[in-house]
Amino acid sequence: MLCTRLTNANIITMDPDHPVAHDLGIWQGRIVGLDDAVTSLRADRVIDLQGATVLPGFIDSHVHLAWAGLKASTPSVAPCARVEDVLAAVEDAVARTCSPGAWVDIAGYDQRALGRHLTAAELDKVSHGRKVFLMHDSGHGCVVNSAVLDLLPAHVPHENGFLAESAMGAARALRLPHSQEELADAIAYATRTCLAQGVTACAEAGIGGKLFGHSPVELAAYQLTREQGRLPVRVQLMVAADALRPVAAHDSDGIPRALGLGLRTGFGDDWLSVGALKVYTDGGMMARTAALSSPYHGLSHAGQLQDDPELLADTIVDGHLAGWQLAIHAIGDRAADLALDALERAQRIRPRPGARHRIEHAGLVRPDQLPRFARLGAIAVVQPNFLRYFGDDYASVMGEDRAPWLYRGKGFLDHGITLVGSSDRPVTDGAPLRAIQFMVERASESGRVIGPDEGITVDDALRSYTVGGAFACHWDDRAGSLTPGKRADLVVLGDDPRRVGASRIGDIEVVTTFVDGREPEGTAL
């Protein structure tokens with residue numbers, strides 16, 4: 001007896017032992033069989049998909065859910081391209097704030113369209129006594145007015161009101177954190193968006209930290225969202241490394257720093273669990289703070305590391321020794337060098353070949369770094385939509401020689417490196433199908449082809465969002481392919497990405513999703 005049987009479908013299983021199927025049986029949230037193994041079984045519900053394509057649910061392995069939900073309800077200055085238009089939008093947001101001493105949050109800020117950063121003095125003219133916080137779209141900086149600067153310690157660096165990286169964290173620390181209810185609403189909104197795009201599981205890329213964290217009790221907000229029945233996708237939570245504290249444990253325990261009770265990667269269940277330890281080594285390419293080995297083209301600097309390199313390396317090593325899987329944010333090639341050096345040292349001290357440490361973004365990777373990735377078993381978690389939407393800018397600031405190294409695809413696969421697709425939502429569009437299209441075409445929205453030799457096949461791109469994502473999250477025994485015994489998490493598409501022209505992949509309709517064998521309320525076929 002089955003709960004559900006899907007029939008008359010084009011099922012792409014991503015399982016090499018049974019790559020395609022026409023029928024799929026579900027019982028109690030699990031796949032029990034394919035084709036002849038289930039066609040003769042009775043089912044409570046039989047769904048004729050009339051030839052629609054079925055894939056494993058997409059896994060978005062790097063997202064910021066709370067931030068995505070909060071951003072959606074925050075006044076925005078996008079897509080303003082003139083300073084005066086931005087200031088007018090700020091003044092309008094200020095006018096809607098009741099309390100004279102209140103903070104005014106504004107999203108959508110990006111200096112690239114303006115040609116320069118706004119200044120605190122300019123914001124002062126339109127802030128009318130409020131504290132203004134303009135969040136950079138990359139998440140790696142902000143612009144604030146004098147009312148905020150006056151509250152910061154004198155040693156916090158800024159550039160006429162622009163605060164980058166840890167300096168931004170200092171400004172955020174001045175405020176009361178978001179409440180659990182606020183965060184639960186934001187998480188629920190963001191996960192519904194994920195579901196509509198065919199995403200059935202994702203990895204939240206850092207909670208509890210100064211840079212991207214939203215509350216010291218952020219994990220509780222995810223628990224609350226689930227308890228309220230508003231968590232429609234599976235979520236794995238990366239913990240920011242600055243949430244760890246020194247512990248007085250036995251030397252033989254090998255845990256120099258830990259969360260409370262020694263919590264680490266793997267705790268939780270199929271719906272909400274603790275994943276990797278998130279370590280930030282550099283900034284972002286949009287904000288020009290990603291750490292490069294030579295300067296940005298046309299600029300006099302090469303970005304920045306988040307802290308003293310020895311301290312960053314020690315954090316990576318300590319996390320490895322304490323048993324964590326590591327997710328190391330490294331966008332620039334200088335940051336990647338630091339990450340790879342630290343992983344090499346950590347594995348030398350205590351070999352853990354099955355740790356599956358991840359390099360998040362791997363935005364600029366030199367040819368000589370690829371063999372090191374492979375030798376260390378490092379997973380490359382990339383965001384293809386960065387180049388789809390920002391590729392013209394990124395290629396320009398990298399210059400002709402380095403542009404082909406941006407957000408690689410084929411280079412990783414050719415070296416046997418696990419390639420994982422993700423979005424980093426809300427930095428850009430989170431739709432997996434649009435990212436998959438870019439991975440094949442390597443074309444920005446303007447049509448500029450960036451690193452064409454890094455293009456990969458549609459099958460490999462799909463694998464990065466299914467099998468690869470499951471492997472990166474240690475879910476490969478229960479997700480990533482439509483294999484009997486695994487979760488019945490799948491997406492139904494209006495067309496087959498392998499059969500349409502590459503330029504049409506991003507526009508394929510997501511018909512519905514199944515999570516745990518069920519369609520979300522209001523989307524049933």
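Arg 356 lies over the face of Phe 471, 3.9 Å from the ring centre. A charge counts as over a ring if NZ of Lys or CZ of Arg is within 6 Å of the ring centre and within 35 degrees of the ring normal. Arg 487 also sits over a ring face, that of Trp 475, at 5.2 Å from the ring centre.

This is a predicted model, in which local features need pLDDT of at least 70 and side-chain atom pairs count only at pLDDT 80 or more, while totals for chains, interfaces and linings use all residues. Residues are numbered from 1 along each chain as its sequence is written, and side-chain values use heavy atoms, with hydrogens and water left out.

Now the rings. The structure holds 6 aromatic pairs. Rings of Phe, Tyr and Trp (its six-membered ring) pair if their centres lie within 6.5 Å; planes under 30 degrees apart are stacked, over 60 edge-to-face, and the rest tilted. Phe 58 and Tyr 465 make an edge-to-face pair, 6.3 Å centre to centre with 80° between the planes. Phe 58 is in strand S8 (residues 58-63), and Tyr 465 is in the loop between helix H16 (458-464) and helix H17 (467-472), 407 residues apart. Helices (H or I, at least four residues) and strands (E, at least two) are DSSP runs, numbered from the N terminus. Both Phe 58 and Tyr 465 are buried. Buried means under 20% relative accessible area, exposed over 50%, and partly exposed in between (1.4 Å probe, protein chains only).

Phe 373 and Phe 412 form a tilted pair, 5.5 Å centre to centre and 55° between the planes. Phe 373 lies in helix H12 and Phe 412 in helix H14 (residues 410-414), so the pair ties together parts 39 residues apart in sequence. Phe 373 is buried at 0% relative accessible area. Phe 412 is buried at 0% too. Elsewhere, Phe 386, Phe 390, Tyr 394 and Tyr 407 form one aromatic cluster.

Next, the charges. The structure holds 38 salt bridges. Each is a side-chain nitrogen of Lys or Arg within 4 Å of a carboxyl oxygen of Asp or Glu. Arg 372 bridges to Asp 341, with the closest N and O atoms 2.9 Å apart. That pair links helix H12 to helix H11, 31 residues apart. Arg 372 counts as buried at 14% relative accessibility, whereas Asp 341 is partly exposed at 43%.

Arg 366 forms a salt bridge with Asp 333, the closest N and O atoms being 3.1 Å apart. Arg 366 is buried at 15% relative accessibility. Asp 333 is buried at 1%.
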